[in-house]
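Notebook open, viewer up. I'm jotting down what I look up as I go.

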Amino acid sequence: MHTLDSRFLNLTNCFSYRFSAPGTFRYDLSPLPTGLADEDDDARAIVVADKEGGAQQQHHITVGRVDGELTATPARLEVNRGDLVTWSTDGTTGTGFAVRGAIGKTVVDSAALCDESVYTHAFGLPGTYEWADANGSGLRGVVRVAAPEPRAQKANGRRTQWQRALARGTLVHVRGAAAEPAEVEIQVGQTVFWAVQDAPGVTITDVSLLR
């Protein structure tokens, strides 16, 4: 449930998208990374106004499961051009979900990350995580997660330092089929952000899931 895999969004990860063009984004939620959106269905929609609201605003959509169906709260959202929208779960979605839809001719797909997409994952266990693109672009990298020193959790000063470190995210830029940096080191509890630009529709997937 908490594996590193952008195809299945769960408690430890989120998907974000920056809407840089006006229009209406109609989308679907699926427990599989193959869901298709009904272009005539306004049940879930994000209306992007053709104006910028000054500083970029961030909006949140919470995904849950009610009577066996995936739900989005709010189901309809109005934003300005340039705003960022993030989807995350309330913990009831089971194995996870995928977001897929279109705004104009642009397809937005959490299981095939392209331009303006951000994927985040919080690492709860120490270890070395090798990740790659399940869609076959050749994109890959490594996240090394270190456990905090026992003394850091006992001494007040060091514990505070560790807690502050947890609030800092680590950024990986994905451009095309390359990641920069390709290897990062973090502590247990920290989050890695993959910001995607000009990619051919990639995933961030633990290589152990691809064997």
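**Core.** Which residues in the largest nonpolar core touch the most other members? I find Phe-19, Tyr-27, Ile-46, Trp-87, Phe-123, Val-143 and Trp-194, out of 42 residues in that core. My core here is a set of buried Ala, Val, Leu, Ile, Met, Phe, Trp, Tyr and Cys residues joined through side-chain atoms within 4.5 Å. Buried means under 20% relative accessible area, exposed means over 50%, and partly exposed is in between (1.4 Å probe, protein chains only).

**Ground rules.** This is a predicted model, where local features need pLDDT of at least 70, side-chain atom pairs count only at pLDDT 80 or more, and totals for chains, interfaces and linings use all residues. Residues are numbered from 1 along each chain as its sequence is written, and side-chain values use heavy atoms, with hydrogens and water left out.

**Confidence.** I checked pLDDT, the predictor's confidence in each residue from 0 to 100. The protein chain averages 89, and 86% of the residues score at least 70. Among the elements, helix H1 (residues 150–154) has the lowest mean pLDDT, 56. Strand S10 (residues 117–122) has the highest, 98.

**Overall count.** I get two helices and 17 strands for the protein chain. These are DSSP runs numbered from the N terminus: helices are H or I with at least four residues, strands are E with at least two. Of the 211 residues, 43% are buried. Contacts (heavy atoms within 4.5 Å) with a separation of 6 or more come 70% from residues 24 or more positions apart.

**Trp-194.** Skipping neighbours within four places in sequence, I list Leu-4, Ser-117, Val-118, Tyr-119, His-121, Phe-123, Trp-131, Val-143, Val-172, Val-174 and Ile-204 as its contacts.

**Eight-strand sheet.** I traced an open sheet with mixed pairing, in the order S5-S4-S7-S1-S10-S16-S13-S14. S5 (69–73) and S14 (178–180) each have a single partner strand, so one side of each is left without a neighbour in the sheet. Neighbouring strands are turned by 25 degrees against each other on average, direction ignored; the axes are lines fitted to C-alpha atoms (for helices, over the stretch in contact), with angles running from 0 to 180 degrees between N-to-C directions. I count two strands as paired if DSSP finds at least two bridges between them.

**Ser-16.** Buried or exposed? Ser-16 sits in S1 (residues 13–18) and is buried, because its relative accessible area is 5%. Its side chain makes a polar contact with the side chain of Thr-86 at 2.6 Å. For that I need N or O atoms within 3.5 Å; within protein, one must be able to donate a hydrogen and the other to accept it, and residues adjacent in sequence count only if both atoms are side-chain atoms.

**Four-strand sheet.** A further open sheet, also mixed, runs S15-S12-S11-S17. S15 (183–187) and S17 (205–206) are its edges, each pairing on one side only. S11 (residues 127–132) and S17 are antiparallel over two bridges, with Ala-132 partnered by Thr-205.

**Hairpin.** S8 and S9 form a hairpin with two residues between them, and Gly-104 in the turn has a positive phi of about 65 degrees. Ala-102 in S8 stands opposite Arg-26 and also opposite Val-107 in S9.
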